[in-house]
Amino acid sequence: MSNLKTIIQDLFANDNIEAFVAYKNNKPFIVRKSEDAMQVDEIDNQEFNLAVYLNKPEIKKLSKLGILANLSTMKALVQLANENQITSDKVKVISADASPKKFERFEEVTEYIKANNKETNADLSAKVAEIKAMSREERRDFWNKEFSKCIKCYACRSSCPMCYCTKCMVEANQPQFVPVASHAQGNFEWHFNRAMHLAGRCVGCNQCASVCPMDIPLNLLNQQINETIAAQFGETAGEELNSNYTLSFFKENDKENFIR
Amino acid sequence: MQKFEPKIMAYVCNWCTYAGADLAGTSRIKYPPNVRIVRYPCTGRIDFMFLLKAFEAGADGVIVSGCHPNDCHYTSGNFHARRRWMVFKELAEFVGLDTRRITFSWVSAAEGAKWAELVNTVVEDIRELGPNTEYQELANKGVNMPGDLLYV
Amino acid sequence: MSRIGVFVCHCGENIGATVDCAKVAETAAKFPGVAHSIDYKYMCSDPGQTMIKDAIKEHKLDGIVVAACSPRMHEPTFRKAAREAGINEFLCEMANLREHCSWVHAKEESTTEKATELVKMLVEKVKKNKPLTHIKVPVTKTALVIGGGIGGIQAALDIANCGHQVIMVEKDPSIGGHMAQLSETFPTLDCSQCILTPRMVEVAQHPNIKLYTYAEVESVSGFIGNFEVKIRQKAKSVDDSTCTGCGLCMQKCPSKRIPDEFNSGLSNRTAIYVPFPQAVPNKPVIDREHCTYFTKGKCKLCEKVCPANAIDFTQEDTIIEEKIGAIVVATGFDIKHTDFFPEYGYGQHPDIIDGLQFERLASASGPTLGAIKRPSDGKVPEKIVFIACSGSRDHAKGIEYCSKICCMYTAKHAMLYKHKVHHGDAYVFYMDIRAAGKNYDEFVRRAIEEDDVKYVRGRVSKIYEKDGKLIVRGVDTLLNSEPVEVEADMVVLATAAVAQQKAEPLAQTMHIGYDAHNFYSEAHPKLKPVETNTAGIMLAGACQGPRDIPETVAQASGAAVKTVALFANDELTREPLVATVNRTAPPMFSTCVGCFLCESACPYLAIGKEEIKDRNGNLIKTVASINPGLCQGCGTCVALCRSKSIDLNGFTHQQILSEVMSLWNRREDYAEV
Amino acid sequence: MQQYKLSKEKLPEFLSGIIQSGKKLYAPVENNGSNYFAEVKEVGSIADVGKKTKLSAKSVFFPRCEELVKFEGNGENTKIIEPEAAQEGILYGIKPCDASGMDYFKEFYTKENTDKLIADRFEKTTIISCSCNEATDTCFCTSLGSNPGSIKGSDLNLTDMGDSGFLVEVVTDKGASLLESYKNMMSQASDIDKTQYLAEPQIRFDIEKVKSNIDKIYDADFWQEESDKCLSCASCAFSCPTCTCFDIQDEKNPYESRRLRLWDSCGFELFTVHASGHNPREVQTERWRHRILHKFKYSVDTLGQLSCTGCGRCIDNCPAGMNIIDTMIKISEA
């Protein structure tokens with residue numbers, strides 16, 4: 001029996017977890033019973049960010065659970081911890097690599113992130129630069145074209161580990177800020193909002209783009225904001241515990257060359 | 001068709017820029033009547049959505065102004081706002097919004113003249129740019145288009 | 001459908017000359033929801049206000065817009081009128097037609113058009129206004145004074161004399177602070193202890209003052225009118241209630257070689273000690289770090305000799321909890337010591353001393369009983385050098401500010417020296433003489449002119465020892481920067497005044513601001529010099545920045561008045577323009593998801609956690625909650641909240657969006673230029 | 001049934017003939033590597049019809065955002081503007097599964113109460129389906145008793161016979177009348193058995209067993225297991241040819257206001273939540289069960305047909321890897 005399966009069964013037996021989030025046949029899989037641990041994929045090379053399942057109400061309400069975490073999942077977990085959504089008492093993290101390891105505390109998760117962090121978004125960064133080099137009109141047309149495809153299925157929101165609001169602001173209707181319709185304005189404002197709301201929180205897992213049935217490169221928006229925040233404020237989400245949230249923190253000498 | 005007069009929406013904080021505009025009034029400094037002031041308690045209160053909504057309402061230009069750094073009535077609202085604007089502005093530029101139509105500024109309660117000058121400049125700049133039709137067009141794109149998922 | 005009233009004011013000619021007020025009122029009458037619209041010469045006048053009140057009643061208005069001057073001017077006036085007419089005062093809004101329109105634009109159609117739109121914006125806003133009630137917060141009429149120096153003493157006595165309870169916390173075994181250490185005070189040269197000790201006794205005996213010495217503030221929670229503090233009473237090892245203060249224990253204590261803090265290390269004290277003879281309370285404590293019993297496990301000599309059986313080696317620190325309504329912070333300052341100055345020998349030479357040490361030398365109660373003697377050999381110094389600005393105003397030393405008190409006390413020191421050593425020579429090296437204050441400059445002139453103190457304008461670059469003399473090498477900038485050398489017997493450094501060592505953690509405990517030098521920040525440098533940004537916490541004395549006794553006392557009285565003013569009411573009434581976290585139907589209860597990212601955005605620490613529980617007490621969810629007693633209504637949290645779970649009374653999303661959307665117009669209808 | 005043969009070379013001519021006739025032509029176009037239905041203005045922009053489009057063709061009849069009514073002006077001057085009538089059009093390149101979905105769609109919107117806008121579009125649109133020569137591993141039409149050459153819902157059906165060109169089958173009169181003008185491009189054919197050209201998707205579950213079990217599995221344990229990874233987005237519903245649900249939204253400004261019909265999905269938590277806060281389908285398990293039961297039971301009860309066509313798009317597009325086939329196997333084995 002593989003190490004991972006043993007670890008999961010051990011978590012059920014000794015840590016009293018009620019569920020374990022892993023993969024089966026390369027798809028997400030929630031292990032609810034110890035014996036189901038036998039069905040999980042042994043070595044994972046999946047890019048899916050399983051942390052999103054911790055926000056699903058049915059799973060969130062469980063008292064204890066475990067999760068298999070690749071690098072981006074770990075970052076999401078750290079950020080979720082920073083946002084008071086999970087605690088290390090409740091969520092047991094197992095590293096998704098050749099030798100799965102159980103982390104007792106999130107501090108160990110951040111150490112793992114530090115040790116294994118890699119620059120993954122070089123292609124994305126190049127694409128962002130490419131768009132930035134366009135004229136304003138070209139950028140507008142590029143995004144209008146991309147957003148025009150949006151059918152507002154909200155798969156981006158549902159699959160994002162950082163989109164955990166019980167009532168998303170697009171569903172708030174007093175007042176209705178963002179039009180519900182999937183016309184150009186509704187789509188533009190929805191994606192603009194989502195990007196702004198992920199500013200300083202997005203861990204760069206690119207899940208929004210990979211799940212989009214209409215193949216809208218939504219991760220470009222987040223990548224652009226992440227780059228802005230890194231350049232202007234020197235901050236990255238999901239890598240350190242108790243880090244400041246970019247938008248509710250400031251430095252007196254933050255740049256303001258755009259202010260008259 | 002009516003002759004184009006720029007319509008400027010100004011989002012200002014109550015304690016500095018609103019008072020600065022009051023001072024411009026008390027000092028009888030003239031500036032063009034194109035500006036409509038919306039009073040906020042603090043620049044920290046200005047949700048970025050209000051900037052987009054100004055465009056939806058047909059503002060040709062938007063002025064966002066508050067207290068100079070360290071002068072905030074609430075000590076740090078303007079610092080928070082400044083960060084938010086930075087992220088907003090970069091994203092807005094990235095998605096191709098015409099950010100020339102949004103002017104960020106610090107105008108203190110003592111800067112009545114600066115306020116008048118700001119309005120003057122913005123009105124002139126926007127006059128050059130012409131009416132802001134782009135954003136309102138969005139509301140009609142993608143409506144009533146059977147069979148078309150790629151409407152642009 | 002709303003029933004809004006619009007009242008357009010001409011303000012005499014002020015608005016009326018530029019804006020067609022009648023037309024504005026006429027157009028406004030047609031806005032949806034406007035039930036009544038009228039213009040009048042002077043709305044703020046009695047007849048004008050009566051007109052508004054009558055209209056509210058007659059037309060059953062549920063909101064009014066007064067289009068007149070700036071709301072910063074007359075909003076209270078018209079809100080009062082609304083209240084008197086029987087509608088909620090927060091259903092009144094003002095459109096600024098004067099400062100923002102008639103005074104800044106020419107008389108033309110577009111100006112009237114703008115005025116009309118300004119009215120329209122506020123009509124749309126006021127439709128979304130909700131009645132609000134003022135927030136009432138109960139006030140606990142007990143003040144906490146932190147620090148028992150002259151600032152704390154003054155504030156405590158002022159508050160107590162107004163009939164309110166005061167709790168004073170002092171970290172040392174006695175109150176008195178730095179002032180108790182001083183010999184005489186400028187500019188009058190009256191004896192410091194003579195004026196201070198009666199006040200110390202008054203504090204101890206005041207029925208309204210509860211004194212905790214040898215105690216420190218551990219934590220502060222709550223908010224204005226309703227703080228809860230935890231005070232750590234350090235173990236004194238002596239039972240205060242039985243100790244008679246006879247002093248036998250101190251005579252018998254075998255550990256006698258502990259540097260005496262009160263005498264700035266110029267003499268020694270015992271392990272069981274009172275800091276100085278006039279201490280209040282005049283009862284000893286055991287310094288456990290130096291006590292033979294606590295360090296080596298045996299001795300207990302004091303216990304044997306104590307006639308009152310007051311010694312208690314088993315005492316432990318206790319935590320005292322107190323509920324209070326306001327805090328006066330008077331934690332004072334500290335000074336840099338001679339070891340801060342490499343150019344003056346790192347404090348290695350016993351005859352280079354700091355100002356406080358000189359005070360002790362000059363003090364009649366000091367180690368030399370007031371005789372000026374060198375610490376090294378007890379000789380009377382024939383030549384003495386005082387160096388002002390030792391560390392202060394020195395970027396290289398990281399202390400850019402002026403310590404403010406040094407010019408004066410250096411003049412005083414030189415004067416005291418000359419009064420005691422008539423034939424001696426006193427030199428003062430200085431940068432500038434800053435003697436602004438009543439009788440201050442006269443005092444310095446007296447030192448120079450009557451007491452023949454030699455003032456040299458220039459800095460001292462080095463002091464070194466040669467043949468038993470201290471060679472002070474400096475320049476005289478008034479003599480073409482010629483080098484000056486003085487062979488001194490003793491050197492006194494007027495070292496920089498700095499914040500207390502524990503100033504920073506204490507500020508964090510209380511959540512008050514502090515500057516780069518850890519001096520506490522006032523709420524406004526001009527208009528709120530004794531308040532902090534945390535409502536209900538006041539500042540007195542040098543914890544805010546270096547200052548002298550008269551200033552400290554004045555500020556302490558100011559802080560006391562602020563405290564007493566707060567206590568003048570049983571309840572605090574606050575404008576209800578505060579942020580609130582929404583409530584929705586179960587099972588959601590609130591759209592807040594409890595990310596608490598808003599928490600750090602609040603400058604007032606008004607955002608806390610609230611647990612929503614079911615009837616059986618099981619936790620359903622934890623959401624943000626905003627303390628209306630602390631919230632000042634800036635709205636930063638509101639703009640941050642992703643799920644729009646927070647809103648700001650008076651400036652809700654609905655109100656602002658309605659205001660903005662009222663200006664909707666179609667841009668494609670306009671030709672370009 | 002009438003059959004014709006159309007050579008490969010003639011197909012573009014046939015399609016451009018339709019465009020030139022002034023009718024709208026809807027066909028798959030390529031964007032970022034995936035195919036979507038869109039109006040095409042020239043034949044060259046039509047993508048490979050053999051490839052399954054990302055979304056179904058339902059947007060031709062049921063746009064994701066359409067005005068039901070519009071008002072201009074205010075008060076007494078208010079003008080009511082009815083939506084424009086549909087234009088004649090041809091929907092080309094639709095798969096047989098999709099076409100049978102459109103048949104269900106039409107039934108749904110015309111049987112009891114007629115939705116004028118949607119009925120009008122069906123009325124004026126001729127559907128040319130293309131049989132599948134290849135199937136993907138998410139295709140399961142055969143499991144539902146259908147097949148890759150099904151003509152249900154089509155007016156005309158084209159089957160690619162390789163070098164022999166296309167087999168054109170005339171299914172309805174509407175199809176026949178369209179063909180009338182283009183007959184000269186085609187040659188008569190008869191008794192061609194097209195099955196030899198069709199893909200053969202594996203049968204994944206026994207539909208008869210599903211039908212017999214469907215009434216007794218409401219409280220089965222497998223629902224939770226099956227829905228555990230569902231993240232409650234709407235990619236399945238919005239790509240589904242038979243998901244008919246919509247949302248109504250009003251938009252207004254001082255000049256005009258409009259009532260919009262938008263796509264909606266039972267997978268959204270908000271779909272059933274009441275103003276009181278109560279949600280009759282509170283958890284995703286209930287929502288997934290509802291979706292499945294609607295396709296396999298409720299639509300049978302009301303319209304007499306399954307409302308799943310086995311196109312497999314919900315499987316293709318699911319972010320979380322939900323697989324309706326797994327659930328069907330569970331039901332059939334229950």
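**Interface and cysteines**

Author: In this predicted model, chain D and chain B together bury about 1300 Å², with carbon and sulfur atoms accounting for 53% of that area.

Reader: Which residues of chain D lose the most area to chain B?

Author: The contact draws 17 residues from chain D and 12 residues from chain B. On the side of chain D, three residues together supply 35% of what is buried there. They are R64(D), C65(D) and R258(D).

Reader: Which elements of chain D give two or more residues to the side that touches chain B?

Author: The residues on that side of chain D divide into 9 nonpolar, 2 polar and 6 charged. The elements that give two or more residues are β2 (24–31), β3 (34–40), β4 (65–72) and β12 (256–263) of chain D.

Reader: How many residues apart in sequence are the parts that C16(B) and C67(B) tie together?

Author: The sulfur atoms of C16(B) and C67(B) are 2.3 Å apart and form a disulfide, which is right-handed with 100° about the S-S bond. Because C16(B) lies in the loop between β2 (8–13) and α1 (17–26) of chain B, and C67(B) in the loop between β4 (61–66) and α3 (77–94), the pair joins parts whose separation in sequence is 51 residues.

Reader: Is C194(C) buried or exposed?

Author: C191(C) and C194(C) form a disulfide with their sulfur atoms 2.4 Å apart, and this link is right-handed with 85° about the S-S bond. C191(C) has 27% relative accessibility and therefore counts as partly exposed. At 52% relative accessibility, over the 50% cut-off, C194(C) counts as exposed.

Reader: How far from C311(D) is the nearest cysteine sulfur?

Author: C311(D) is in no disulfide, and the nearest cysteine sulfur is that of C97(D). With a relative accessible area of 7%, C311(D) is buried. The distance from C311(D) to the sulfur of C97(D) is 5.2 Å.

Definitions and conventions: Residues are numbered from 1 along each chain as its sequence is written. Chains are lettered from A and ligands numbered from 1 in the order in which they are written. This is a predicted model: local features need pLDDT of at least 70, side-chain atom pairs count only at pLDDT 80 or more; totals for chains, interfaces and linings use all residues. Side-chain values use heavy atoms; hydrogens and water are left out. Contact means heavy atoms within 4.5 Å. Buried area is the accessible area (1.4 Å probe) that two parts lose on being put together, summed over both. Helices (H or I, at least four residues) and strands (E, at least two) are DSSP runs, numbered from the N terminus. Ala, Val, Leu, Ile, Met, Phe, Trp, Tyr, Cys and Pro count as nonpolar, Asp, Glu, Lys and Arg as charged, and the others, Gly among them, as polar. A disulfide is a pair of cysteine sulfur atoms within 2.5 Å. Buried means under 20% relative accessible area, exposed over 50%, partly exposed in between (1.4 Å probe, protein chains only).
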